[in-house]
Amino acid sequence: MRLQDVRWVTHEVSLPECDAAPFSIREADRENLCHSFGESPKDDLTGLSIWASAYVLAHWLVVEEGSLEGKAVMELGSGCGLAGIALAKNTAASEVVLTDFPTNTLENLRYNVALNAHGKPGERGPAVRSLDWTDKSTWPDPGSIDLVIGSDLVYDDGMASLLAPLVAHVLRPGGNFIHIFP
């Protein structure tokens, strides 16, 4: 499926029970995604939808924002970027890196980061990077991240065995990994 053939829905997101800055997220209309899993990871369209766990992760990160001051945070499998953009707009994290692998997902993720780029003067938005869990040449430097986050990352047999070495590689000593899933 080509992105220009997708019908899009843009949501204004406000996180309840906290004083978070609202933001916008674009996702594919779910009727477009009846065959979300492609033949290979590069063809996967699951990242064009917002999954419920991303809302849970976003809310938790914003409520806990004081503990993120000055931290480098990387979101794995960012998809539409809801949690990572919420974190970047509402915390004092020093660096936020949003990652995914499929080209269509990365294109929409960049769109969503740009959609939310209006902010305070000098405010830096999150970086978007392609990350292939099976290709170490795409991994960040060892020990370069304080907090690795993700939601709904393990939805296939064998994904946990790819995820664990990546997380262990990028986390600084004493770093944390938060994974939200149903």
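1. Strands are DSSP runs of E with at least two residues, helices are runs of H or I with at least four, and both are numbered from the N terminus. The model is predicted, so local features need pLDDT of at least 70 and side-chain atom pairs count only at pLDDT 80 or more, while totals for chains, interfaces and linings use all residues. Residues are numbered from 1 along each chain as its sequence is written, and side-chain values use heavy atoms, with hydrogens and water left out.

2. Glu27 belongs to strand S2 (residues 23–28) and is buried, at a relative accessible area of 9%, where buried means under 20%, exposed over 50% and partly exposed in between (1.4 Å probe, protein chains only). Leaving aside residues up to four places away in sequence, Glu27 touches Arg7, Trp8, Val9, His11, Leu48, Ser49, Ile50 and Cys80, contact meaning heavy atoms within 4.5 Å.

3. With one of these residues, His11, the side chain of Glu27 makes a polar contact through the His11 side chain, at 2.7 Å. A polar contact is a pair of N or O atoms within 3.5 Å; within protein, one must be able to donate a hydrogen and the other to accept it, and residues adjacent in sequence count only if both atoms are side-chain atoms.

4. Ile50 is located in the loop between S2 and helix H1 (52–63), and its relative accessibility of 6% makes it buried as well. Its C-alpha atom is separated by 8.7 Å from that of Arg26, 24 residues apart along the chain. Beyond residues up to four places away in sequence, Ile50 touches His11, Ile25, Glu27, Arg30, Tyr55, Cys80 and Leu82.
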